[in-house]
6 protein chains.
Amino acid sequence: MPLDRDHLIGKEALMILLQPEKKLSKELIDLGWRSCKGKVGSMDAHKVVAAVETAAKNQGMIDPQLYRETHALYHTIIEALSGVTRGNNQLGTVLRTVGLTFSIVRGNPYKDEREGEWLAVALYGTIGAPVKGLEHETIGLGINHI
Amino acid sequence: MPLDRDHLIGKEALMILLQPEKKLSKELIDLGWRSCKGKVGSMDAHKVVAAVETAAKNQGMIDPQLYRETHALYHTIIEALSGVTRGNNQLGTVLRTVGLTFSIVRGNPYKDEREGEWLAVALYGTIGAPVKGLEHETIGLGINHI
Amino acid sequence: MPLDRDHLIGKEALMILLQPEKKLSKELIDLGWRSCKGKVGSMDAHKVVAAVETAAKNQGMIDPQLYRETHALYHTIIEALSGVTRGNNQLGTVLRTVGLTFSIVRGNPYKDEREGEWLAVALYGTIGAPVKGLEHETIGLGINHI
Amino acid sequence: MPLDRDHLIGKEALMILLQPEKKLSKELIDLGWRSCKGKVGSMDAHKVVAAVETAAKNQGMIDPQLYRETHALYHTIIEALSGVTRGNNQLGTVLRTVGLTFSIVRGNPYKDEREGEWLAVALYGTIGAPVKGLEHETIGLGINHI
Amino acid sequence: MPLDRDHLIGKEALMILLQPEKKLSKELIDLGWRSCKGKVGSMDAHKVVAAVETAAKNQGMIDPQLYRETHALYHTIIEALSGVTRGNNQLGTVLRTVGLTFSIVRGNPYKDEREGEWLAVALYGTIGAPVKGLEHETIGLGINHI
Amino acid sequence: MPLDRDHLIGKEALMILLQPEKKLSKELIDLGWRSCKGKVGSMDAHKVVAAVETAAKNQGMIDPQLYRETHALYHTIIEALSGVTRGNNQLGTVLRTVGLTFSIVRGNPYKDEREGEWLAVALYGTIGAPVKGLEHETIGLGINHI
């Protein structure tokens, strides 16, 4: 059951966002891990969700034919969004906006291979008033089995 | 008003947690930035809050004689905790526990020096059932003016 | 992807609670579906979580050796609990108590067998002041892929 | 004060939804109980609220001339909605949609007739992505004095 | 249906707290309005709830034999508490404490006497760290039909 | 650190709303305190936020050139709004509307002048269905260091 401290899926997703040049290591790719990243800026929380979902489907992170994969992704995104909004998942409805980069990583972070695949979604960027400069940083991370 | 993209207080706090050897650069220290880090594991959310507050006071991150500094710190911690708990700030009351490292950074991340000092609190580690190994990663970041 | 309207996992879990004599049909059992039920009364939300987790492990609803199964179950329980508490997962901390029966059902409610197994947790009973009779009914249902 | 276990208003509302042919028994009707049911599908939480309110007024479940009755109904609906959304009452704003049937029951579920009339609102159906088939079941129940 | 702007139940409850000498006017008492006030300081949210409930019963604000009255009062208190805590009803679990005065008012604030009796609970005082002086003011108001 | 019981910033903000003729005393003005008030009615929570922000900027309550002041104000408004909505900051999205007066007060409510300036935002008025008369009173108060 224990996490493999060399294969931390959340940390991978976070470092891909925080260090522009960072990519999955050859070791992780050889283990079958996959990742992608993208950008989204919006006052609409649903557009943030949609941007991550679209990237996940287009980049082959999930199988769009299986609802169980979309379901796993959705809850992972919402968990990440709750970190960004610090709890309420509200943006424009309370007069604030975000400019985010996002990453998605899929792989097994546990020592036991029977733990199967997991999904991490990280969001990092700024949140603030809909006026240029009136903003500070924000981060969110969701992790789910898939 | 704009953020100085080379002086991102949230990113500094996050990198201090995610890269064990990471410290504030000489440039930031020369600008008067301060930081500290620590560890806390608990099923009680209030012990996480207390651990960060105690470190902040002991390490000279805030002036414990001024309530405005304690007030700024408290809300910063709670925001970070809402990322860790993905919204509800509940741990043992819903049968889960955390093992976290935390960092605190104080400095001005804006280009305009009149923006004064800000505080970032980052929390990173694991959250899960109160059984060894039944856990996944989690992160939270709070940012506030001080 | 579509739900099989004759194999509704949530409805099965709810009917098992609402009709004492109700059991899974032979058809569902032949398809590999499993279910169990139990009771818990407490002012501590974590005891409700623990009661459902313990039953799930003891009745073979999940494999306790796999964190991904415990993780799936945990989030399913918390979703059901949020229906019971109508949003905040708080019981004794806001001076109320519950007397609940619970059911767990595991199976594939979708027409496509590749959707794999899903888990439903239903909670039904009363919520109210910690005084006999000062209570009304409450229900909650969580559904997750496993 | 105690609930009459043969006159459970929440269970009546739930069974009316879960069993299409189910109606209030003659005994309950003779006691003055009333019920109605309806359907609503939407990405807007406010349209779910409006559909239930409109049905309640049109079917004589509440007196639209009295704000206390509208107030009682509103909070009952919001409680049921929090079960459906598992806590946040958000639908389209977080990119999800519902297809629901609803029931409303009015009567006194307590042994003491001085407890007066109560209202139960139940919601049952599916919640998921705004794509056909990407959905699972959901339920919610609100109960209030009127 | 409209509120009688001279008989505002929330304003009465608030003014009783904010002005120590304030009492219900003879006009309101002649109309059958009742009020009481009290004090509570605690890190436990449930003790705040209990203090208001006990005062309400001891001062004859509600009939303790009727659950519908206890139910109405409970939700009114919880609404007031959510203003005090600004949303989460958590005190000691997130390392903060309150020192509050509370008031309860019962009467009909509407022009139409068929609107019957309503209940207002107001809480006012300080919230902050469990250290003397580390606190600021807070208020909350709940209103419900009874 | 202690609050000066004669210079309660929250109480000042509340009394300005509850008593139409109330203004800051000459003593407080001599100490540099400032205040303003206004009105807003809307089904959109973001319009409530915008109305208070606009008044604060136009009336010189904050310096619009400094993000730290806008940031302090924003969180103060959101805290007040959570009292008004009793926790979720949702209005039209759950089919309700508000008619509010608001006040803003800026000053130092502590005995120690090093505590610097604080901000209080109070909101008082009615909340209810988007139909005239279907409403009751509501209040909210936010307090923050600036």
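Modeller: Gladly, and please keep in mind that this is a predicted model. Let us begin with strand 2 of chain C and strand 3 (residues 118–128) of chain C, which pair in the antiparallel sense. The number of bridges between these two strands is eleven.

Colleague: Nice start. Which residue in strand 3 of chain C stands opposite R106(C)?

Modeller: Strand 2 of chain C covers residues 97–107, and its partner here, strand 3 of chain C, covers residues 118–128. In strand 3 of chain C, the residue that stands opposite R106(C) is L119(C).

Colleague: And how many bridges join strand 1 of chain C to strand 2 of chain C?

Modeller: Strand 1 of chain C spans residues 34–42 and pairs with strand 2 of chain C in the antiparallel sense. As an example of this pairing, C36(C) has I104(C) as its bridge partner in strand 2 of chain C. The count of bridges between strand 1 and strand 2 of chain C is nine.

Colleague: How many residues of strand 2 of chain C are buried?

Modeller: A residue counts as buried if 20 or more other C-beta atoms lie within 10 Å of its own. Strand 2 of chain C has eleven residues and is mostly covered. The number of its residues that are buried is eight.

Colleague: Let us turn to chain A as a whole. In which order do its elements run?

Modeller: Chain A holds four helices and four strands. Read from the N terminus on, its elements run α-α-β-α-α-β-β-β.

Colleague: How compact is chain A for its length?

Modeller: The globule rule gives 15 Å for 146 residues, and the radius of gyration of chain A is 15 Å, so chain A is as compact as a globular protein of that length. Its C-alpha atoms fill a box, taken along the principal axes, of roughly 45 × 30 × 25 Å. Among contacts in chain A with a separation of 6 or more, 68% are between residues 24 or more positions apart. As for burial, the share of the 146 residues of chain A that count as buried is 58%.

Colleague: Which element of chain A gives the most to the side that touches chain B?

Modeller: The contact takes 25 residues from chain A and 25 residues from chain B. On the chain A side, the elements that give two or more residues are helix 1 (9–18), helix 4 (67–84) and strand 4 (135–145). The residues of that side divide into eleven nonpolar, nine polar and five charged. With eight residues, the element that gives the most is strand 4 of chain A.

Methods
Residues are numbered from 1 along each chain as its sequence is written. Chains are lettered from A and ligands numbered from 1 in the order in which they are written. This is a predicted model: local features need pLDDT of at least 70, side-chain atom pairs count only at pLDDT 80 or more; totals for chains, interfaces and linings use all residues. The radius of gyration is taken over C-alpha atoms; the globule rule is 2.2 Å times the number of residues to the power 0.38. A residue is buried if 20 or more other C-beta atoms lie within 10 Å of its own, exposed if 12 or fewer, and partly exposed in between; C-beta atoms are placed from the backbone. Two residues are in contact if their C-beta atoms, placed from the backbone, lie within 7 Å. Ala, Val, Leu, Ile, Met, Phe, Trp, Tyr, Cys and Pro count as nonpolar, Asp, Glu, Lys and Arg as charged, and the others, Gly among them, as polar. Two strands pair if DSSP finds at least two bridges between them.
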